[in-house]
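I am opening a new notebook page. Here is what I looked up, in the order I looked.

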Amino acid sequence: MTVRADTGGYGGSSPRETTVLSGDEVRRMTLYAQGFLGAGAKRGGVTGVLRRVSAVQLDTISVLARSHELVAYARLGPVGRGAVEKAYWPAAKPNTFEYWAHAACILPIADWPYYAWRRRTIAAGGQRWHKVSEDACERVLTRLRAEGPLTATQLGGAKAGGPWWDWSEVKIAAEWLLDTGRAVCVRRTGWRRVYDLPERVIPRHLLDQEPTDSECLSYLVGTVGRALGVATHADFVEYQRLNGHGLRLRGGAALDEAAAAAGLIPVTVPGGKRPATGWADPAALAWLAAGGRGTHRTALLSPFDSLVWDRKRTLRMFGYRHLFEPYVPKEKRERGYFTMPLLAGGRIVGWVDPGRDGKTLLAKNVFLEKPAAVAPMARALAEAAQWVGCSAVAAERVQPSALAQPLATELRALGA
């Protein structure tokens with residue numbers, strides 16, 4: 001980390017000093033911010049993880065576990081899966097809600113007011129692929145008022161009888177109400193969303209807030225800066241999909257204004273052909289200035305983990321080409337159905353396409369960047385097997401093939 005004099009400034013033309021970060025420093029700050037490095041990484045448990053990363057993506061695919069479980073596991077180790085569910089969706093007082101961020105995500109309930117920009121934009125843009133009448137929406141709201149929180153099944157069924165995307169009228173209505181903020185989801189049951197009224201579950205002090213679009217942008221940019229440690233304009237946009245769901249930014253100047261208002265610090269980071277402007281979280285910069293020390297977590301990452309969901313940033317930061325191939329025909333897949341990168345020593349040093357056969361965790365396709373990655377991969381597989389209730393690990397295909405036997409030896413030594 002170096003400091004250099006720069007001309008101009010944000011909000012004025014006077015000279016300022018700019019912190020210049022190396023690629024390695026950006027990577028370490030991100031690992032620290034995301035909870036993979038440092039003494040405080042496990043502080044607060046599952047809810048602490050959510051506060052740090054600001055958004056945990058939801059997805060229906062379940063291989064070893066669903067992605068939202070894997071995100072907590074990657075940072076905390078083999079925390080009980082039931083405890084993960086209860087932390088995200090407590091039976092009593094809600095502390096999260098579901099909404100559109102990077103994708104459909106679990107979000108801290110304190111952030112509810114600042115998604116008003118997105119809710120207003122979606123409402124103004126009108127219904128998209130699925131159309132439903134206002135009468136149908138009112139019927140859903142009437143039932144929620146009278147009967148309390150309900151799933152789509154309880155409302156009358158999620159499907160219209162065709163393929164999975166052929167939603168019923170009540171499902172379309174419930175989702176449109178969710179999109180526009182007239183309904184909310186603060187818990188799930190059997191993986192089904194439970195729809196409720198905001199005034200019943202969102203704390204009044206949050207419900208009464210009406211931030212402007214600019215205030216919403218500043219808040220969301222601040223959450224990204226803290227979640228990544230340091231972010232460029234492109235990073236802000238991708239992490240929160242700030243140009244998606246009908247949102248349209250005015251350009252980089254709007255992001256700079258928002259970042260400055262959020263208390264982030266301007267820095268210079270490596271770019272493509274030339275250095276780029278970035279914005280850093282003061283806490284992450286202070287950690288780096290103090291030496292940036294801590295123990296690295298060794299973990300298998302969900303393909304939907306916020307550390308790697310931005311493919312361009314992942315390639316830039318780790319030199320890792322992230323692939324997600326469930327919707328690629330099996331014979332055309334390069335790596336596998338649900339490829340999980342292996343993070344060890346602050347680097348991505350391999351990947352595995354896992355599966356299960358009874359009590360055996362199958363490592364159907366394994367790639368190891370170098371021999372030093374064998375032991376971390378074995379530990380990660382053995383730990384994951386125990387976490388999901390498997391008693392053995394079988395590595396079916398290992399690349400390079402010369403590392404297949406060393407991996408098998410390491411797994412046997414670990415009792416897997």
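I began at a loop: Pro 400 is found between strand S17 (398–399) and helix H17 (404–413). Helices (H or I, at least four residues) and strands (E, at least two) are DSSP runs, numbered from the N terminus. I checked the peptide bond from Gln 399 to Pro 400 and found it cis, with omega near -10°.

A note on the source: this is a predicted model, in which local features need pLDDT of at least 70, side-chain atom pairs count only at pLDDT 80 or more, and totals for chains, interfaces and linings use all residues. Residues are numbered from 1 along each chain as its sequence is written, and side-chain values use heavy atoms, with hydrogens and water left out.

**The whole chain**

I looked up the secondary structure next and got 17 helices and 17 strands. The radius of gyration is 23 Å, close to the 22 Å that the globule rule gives for 416 residues, so the chain is as compact as a globular protein of that length. That radius is taken over C-alpha atoms, and the rule is 2.2 Å times the number of residues to the power 0.38. Along the principal axes, the C-alpha atoms fill a box of roughly 65 × 65 × 40 Å.

How much of the chain is buried? I read 53% of the 416 residues. Buried means under 20% relative accessible area, exposed over 50%, and partly exposed in between (1.4 Å probe, protein chains only).

I then turned to contacts, meaning heavy atoms within 4.5 Å. Among those between residues at least 6 apart in sequence, 61% join residues at least 24 apart.

**Two helices**

I picked helix H3 (residues 67–76) and found it mostly covered, with ten of its ten residues buried. Gly 77 follows H3 and has a positive phi, near 85°.

In helix H5 (residues 116–125), I listed Ala 116, Trp 117, Arg 118, Arg 119, Thr 121 and Ile 122 as buried. What covers them? I found that the cover includes S4, helix H8 (169–180), helix H11 (213–228) and helix H12 (233–240). Just after H5, Gly 126 takes a positive phi of about 80°.

**Two open sheets**

For pairing I kept to one rule: two strands pair if DSSP finds at least two bridges between them. Strands of a sheet pair through backbone hydrogen bonds, either parallel or antiparallel.

S3 and strand S5 (residues 104–108) are joined by two bridges. Gln 57 stands opposite Cys 105 in S5.

My next sheet is also open, with three strands in the order S6-S8-S7 and antiparallel pairing. Its edges are strand S6 (150–151) and strand S7 (184–189), each pairing on one side only. I counted five bridges between S7 and strand S8 (residues 192–196), in the antiparallel sense. Val 184 has Asp 196 in S8 as its bridge partner.

**Around S14**

Is strand S14 (residues 347–357) largely enclosed or open? Eight of its eleven residues are buried, so the rest of the structure largely encloses S14.

I followed S14 to its partners. Five bridges join it to strand S13 (residues 340–344), running antiparallel. Leu 343 has Ile 348 as its bridge partner in S14. In this hairpin two residues lie between the strands, and Gly 345 takes a positive phi near 60°.

With strand S15 (residues 360–368), S14 pairs antiparallel over eight bridges. I noted Val 352 opposite Val 366 in S15. S14 and S15 form a hairpin with two residues between them, and Gly 358 in the turn has a positive phi of about 65°.

**Positive phi without glycine**

I also looked for positive phi in other residues. Trp 191 is not a glycine, yet its phi is positive, about 70°. It lies in the loop between S7 and S8. Its relative accessibility is 23%, so Trp 191 counts as partly exposed.

Arg 241 is another residue other than glycine with a positive phi, near 45°. I located Arg 241 in the loop between H12 and helix H13 (252–261). It is partly exposed, with a relative accessible area of 30%.
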